[in-house]
Amino acid sequence: MTDTPTKQEIQSKNDNVPGAMPGEQKKNNRNNERKRNRRGESKNLERDSDWQERVVQIRRVSKTVKGGKKMSFRAIVVVGNEKGQVGVGVGKAGDVIGAVRKGVSDGKKNLVRVPLTPNNSIPTLSKGRDGAANVLIRPAAPGTGVIAGGSIRTVLELAGIKNVLAKRLGSKTPLNNARAAMVALSQLRTHKSASRERGISLEQLYS
């Protein structure tokens, strides 16, 4: 009969080991890498959570091909972080979810930075035109709110503007109005940025 080692002998052998085994070190390294990856993913999720998406319109469109008509969906999506960045995107796909996803990616590729005042308004009056749509946007006093309609209101809200007056002139098409609003917002300039573009210093501007 062979003598089986007792629990005390096994514990004493384990206690005599000076450090951790190589296999245990690899496991610890893998756990640390997983924790780091999780932290990186959480940071990316926080960055993505700053952006908001609103679907302005979803329409069923058709394209005439040799075999007949090919049906698909078109989605107009406005993307913004309510901190001065906004974009309008259009996506087409065979299903609604795919069209919205393409619209979001297209909107993030065409972002416009909007200069905001301390009152969450725009610095100056601005006009924008796209196709047959004309949009007039002017600043407003604190407490006015966003007085606009249709897709223009969505663009202004996602840009972070809270006090503004906007008027739609001409076409009522949501896509043209949204793009006209983007043109108007892209033309906004502050006094500092305008003087820098013209090469005028602040001392010369206020002298």
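1. Let's begin with a cap. In this predicted model, Asp95 sits at the N-terminal end of helix 3 and caps it, with a side-chain oxygen 3.4 Å from the backbone nitrogen of Gly98.

2. Helix 3 itself covers residues 96-109, 14 residues in total. From first C-alpha to last it reaches 20 Å, close to the 20 Å expected at 1.5 Å a residue.

3. Which residues of helix 3 are buried? They are Gly98, Ala99, Val100, Gly103, Val104 and Gly107. An α-helix has 3.6 residues a turn, so residues three or four places apart point the same way. The cover over the buried residues of helix 3 includes strand 1 (52-65), strand 2 (68-80), strand 3 (85-93) and strand 4 (111-113).

4. Now for the largest nonpolar core, which has 27 residues; Val86, Ile137, Val155, Leu156, Ile161 and Leu185 touch the most other members. Two or more residues each come from strand 2, strand 3, strand 6 (133-139), helix 4, strand 8 (164-170) and helix 5 (174-186). Helix 5 gives the most, with seven residues.

5. Ile161 deserves a look on your screen. Leaving aside residues up to four places away in sequence, Ile161 touches Val114, Leu116, Asn120, Ser121, Ile122, Val146, Leu156 and Leu185. There is also a second, separate core of seven residues, among them Ala75, Val77, Ala93 and Ala99.

6. Finally, helix 4 (residues 150-158) buries Ser151, Ile152, Thr154, Val155, Leu156 and Leu158. Just after helix 4, Gly160 adopts a positive phi of about 95 degrees.

Key: Residues are numbered from 1 along each chain as its sequence is written. This is a predicted model: local features need pLDDT of at least 70, side-chain atom pairs count only at pLDDT 80 or more; totals for chains, interfaces and linings use all residues. Side-chain values use heavy atoms; hydrogens and water are left out. Buried means under 20% relative accessible area, exposed over 50%, partly exposed in between (1.4 Å probe, protein chains only). Helices (H or I, at least four residues) and strands (E, at least two) are DSSP runs, numbered from the N terminus. The expected span of a helix is 1.5 Å times one less than its number of residues. Contact means heavy atoms within 4.5 Å. A polar contact is a pair of N or O atoms within 3.5 Å; within protein, one must be able to donate a hydrogen and the other to accept it, and residues adjacent in sequence count only if both atoms are side-chain atoms. A nonpolar core is a set of buried Ala, Val, Leu, Ile, Met, Phe, Trp, Tyr and Cys residues joined through side-chain atoms within 4.5 Å.
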